Amino acid sequence: MNVVEEKIKEMIEQIRPYLNMDGGDIEFIKYEDSIVYVRLLGACTHCLMQDNTINDGLLSMFQDEIPEIKSIINVPL
């Protein structure tokens, strides 16, 4: 596992409690070609705001720490 993946996993662990408070969760799938692949779980699976959560929340937070990240993609079940 590379340094970027480790940092991504650390950041996911930091945000997980906030998603858990609303009945949701997040799972790291992979990091490839500057794209982070995650899976939103629980209440987040069918939430109408999941695109906003990813694009407005997670992406900007991740890019602040890891500028090489270009996108975050939710991989549905």
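Because the model is predicted, local features need pLDDT of at least 70 and side-chain atom pairs count only at pLDDT 80 or more, while totals for chains, interfaces and linings use all residues. Residues are numbered from 1 along each chain as its sequence is written, and side-chain values use heavy atoms, leaving out hydrogens and water.

**Overall build**

Let's start with the fold. The protein has two helices and three strands, in the order α-β-β-α-β from the N terminus. Here helices (H or I, at least four residues) and strands (E, at least two) are DSSP runs, numbered from the N terminus. The C-alpha atoms fill a box of roughly 30 × 25 × 20 Å along the principal axes.

How many of the 77 residues, in percent, count as buried? The share is 36%, where buried means under 20% relative accessible area, exposed over 50%, and partly exposed in between (1.4 Å probe, protein chains only).

**Salt bridges**

Side chains of opposite charge can pair when their charged atoms come close. A salt bridge is a side-chain nitrogen of Lys or Arg within 4 Å of a carboxyl oxygen of Asp or Glu. The structure holds five of them, including these:

| Pair | Closest N to O distance |
|---|---|
| Lys7 and Glu65 | 3.5 Å |
| Glu13 and Arg16 | 2.3 Å |

Take Lys7 and Glu65, which form a salt bridge. Lys7 lies in helix α1 (residues 3-21) and Glu65 in helix α2 (residues 50-65), so their pairing ties together parts that are 58 residues apart in sequence. Lys7 is partly exposed at 27% relative accessibility, and Glu65 is partly exposed at 47%.

Where do Glu13 and Arg16 sit relative to each other in helix α1? They are three residues apart, a separation of about one helical turn. Glu13 is partly exposed at 48% relative accessibility, whereas Arg16 is buried at 18%. Both residues also belong to a network of salt bridges that links Glu13, Arg16 and Asp25.
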